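Let's take a walk through a protein model together.

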Amino acid sequence: MHPYKKLDTHAFWKKVILGRPVGLVDPMMGMPSFKISKNDKVATMGSCFAQHVSALIKDLDLNFFVADSKSGTKQEGFGVFSGRYGNVYTVRQALALLKFMESPGEQHYENWEKNGVYFDSMRPNAIPGGFKSIADLEDDRDQLTQTLRNLLTEMDVLVYTLGLTEGWVSNKTGQIFPIAPGVVAGEYRAEEHIGFNDGYQEVKGQFIEFLDLVREINPNCKFIVTVSPVPLAATHSNQNVLVANQYSKSVLRVVAQEIALEYRETYYFPSYEIITSLAQPGKYFQPNLRDIYPRGVGHAMRIFKKHFIDATSSGIDDSKQSNNSTNRGFRDVNGKIQCDEEIIYNMESD
Amino acid sequence: MKYPKIFINASKRHEPVFVVSNCQTLPIAKGMEKAFGDIQVRQASYLMGMQKLETEIEKISGDFYLVSSMQESFLEIFLNKYSDRVRHIVRIPEIYFPAFHPDQTYVQDRQDLVLKSPIGDYHSKIILFSFLQKLTEEECIRLFNSKTFENVGYFQAWESSVKELVRRFGSSDLDIEIMEKFLSGNQVFMNSFNHPNAGIINALTDAILSKLHPEGAHDRIGQVPRHDYLYGPGLVYPVFPEIADLFGEDGQIIFWKENGHLLNLDNFVLESYRMYTNYRQNLRDITMYFTPEFLDGMRKTLNASI
């Protein structure tokens, strides 16, 4: 007799990883989960990988919660996430969003201009076409506070995708940027715009603060935490990008695990493992080793659906998803997700 | 049945090898020919009948080594006639692995004759079912989606395929271990459900060489040139994209006709329907072609789409 004798199948590499199709590997086996019902308002936030979850929720005719008080097209930034806050790469940025919601007047925000078009430095790619005037921009930014308030008050489930530990901050105003000034628009000032790279303790502390703020407003909200498998496009840390990427993902992965273990009604979804682990050796990354093939996204979404979607009791008609040939649906989605980081990836350094 | 283990020794005079199998015979024999060089390798498919085998054996003078995937009953008949000439026998498995091509099927008529499809011998289960159920061509085309595949068990064919493979190796003289690297689940290694690709054929050939020629066999193992004999018009069935996804590969839904032309799904359905219309009187009842599980899955799919 030894302690491994009584363990379930999912505890053994040979039984759940080896000798099975990569697309059937299910790292959620043995992990805690809950079922999202048709009536649950599901919100998404985080890095661009989170947009796949948005697409799945919509595709399954579940209640993808859009908290914006006005509506518009995807080109105008509506429906990509649950509000027009754009990609939220760092937890610092997420926390800053909530603080903006609580006291919007306290923080100074830069307004970026490029070729006569104005961009909100809080979310430069959330509204891809930008604004015609600063007045329009600031008016729209004001509306974001209501969006965030609606979101926090009404959502039942938040799927949060941790993306990066690196980001940019203004040492004059304290503003957190999702992308370095000058990349999309605006002006980079080396003496003011400082790169940060948060460590484990900082990220965990920020995330707990973020979750506590949400729960203060919405005590019953459930969280599903994931880590984006998409590697860093570039690092400002002076390290090799491969090393920096490993560090960043390691920090986020540990934080996700610990938060899920320690925080009530908080669940870890292993999209990071599904895409990057040895169980599918490189099969899910496109030749640039960053972009993920739709089949990889499809795998992650199948597992999400299997463990988190209550298809039977809620009367969800999942044939809708398959009528556009399921994974072919994800093929389409993959080409359309909006990532600020793509801009950095496609840039040449001087 | 027990046979003396007399191995081919390259340094001495040696008898020919006679390979008797199904469609996998040719590539195995070709591989062995290349590996042995100066040893005569003859081959025949038992599907051609005993007469064809006898014709081939007549071309061999004296004793021979037999590499065979013949079923025990057929092998017994064969050995009753030739056991005095068979110096050693290596029983090999026929590779049948439908996990990548679960939609593929053969279709026989009421007289057990194999009917042709637009691409040769391989038919689509979904198309045949649709025709027999009197669905329109358009309705049939719409059934090619992952919900249907899920309902009829196309995504669940891996475990049963592995189980069958293990069984077949178990009743052969080769060890299933040679399949280990292929069974990792991250590659498609079949061109159709009964046409293994060059990698598998080479692994089989290497294993047979080890059995026949253990002394110095390692010099040859792994050096057999890889040629995909079982890849070409009429020999392959597509791995549908939704199924290929499971193995981390790209799939396609293009059908390769024997004349080399390609058909997309729409045209494959249309041409299949035309041919089935001609066969109509000779086609069997629907329950003769499909398992109850497949029929249940298709009914579930049809009910959901109504």
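Residues are numbered from 1 along each chain as its sequence is written, chains are lettered from A and ligands numbered from 1 in the order in which they are written, and side-chain values use heavy atoms, leaving out hydrogens and water.

The model as a whole scores ipTM 0.77 and pTM 0.84. For single residues, look at pLDDT, the predictor's confidence in each residue, from 0 to 100. Chain A has a mean pLDDT of 89, with 89% of its residues at 70 or more. Chain B averages 88, and 91% of its residues score at least 70. Residues 313-335 of chain A stay under 50. Where pLDDT is low, the predicted coordinates should not be read in detail.

Now find the sheet in chain A. Strands (E, at least two residues) and helices (H or I, at least four) are DSSP runs, numbered from the N terminus, and two strands pair if DSSP finds at least two bridges between them. Four strands of chain A make an open sheet in the order S1-S4-S8-S9, with parallel pairing. Its edge strands are S1 (42-46) and S9 (266-268) of chain A, each pairing on one side only. The twist from one strand to the next averages 20°. Strand S8 (residues 222-227) of chain A is joined to S9(A) by three bridges; Phe223(A), for instance, has Thr266(A) as its bridge partner in S9(A). Helix H5 (residues 200-217) of chain A packs on this sheet, touching S1, S4 (157-162), S8 and S9 of chain A. Here contact means heavy atoms within 4.5 Å. The direction of H5(A) makes about 155° with that of S8(A), where axes are lines fitted to C-alpha atoms, for helices over the stretch in contact, and angles run from 0 to 180 degrees between N-to-C directions.

Next, move to chain B. Five bridges join S3 (residues 64-68) of chain B to S4(B), and Phe64(B) has Val86(B) as its bridge partner in S4(B).

A cavity is a set of points, on a 1 Å grid over the protein atoms alone, where a 1.4 Å probe fits but cannot get out. The structure holds four cavities of 30 Å³ or more. Lining residues have an atom within 4 Å of a point, and the largest cavity is lined by 18 residues, among them Phe81(A) and Gly86(A).

Terms used. Predicted model: local features only at pLDDT ≥ 70, side-chain atom pairs only at ≥ 80, totals over all residues. 1 Å grid on protein atoms, 1.4 Å probe; cavity = no way out; pocket = protein on both sides within 12 Å on 5 of 7 lines; lining within 4 Å. Points joined across faces, edges and corners; volume = space filled by probe spheres on them.
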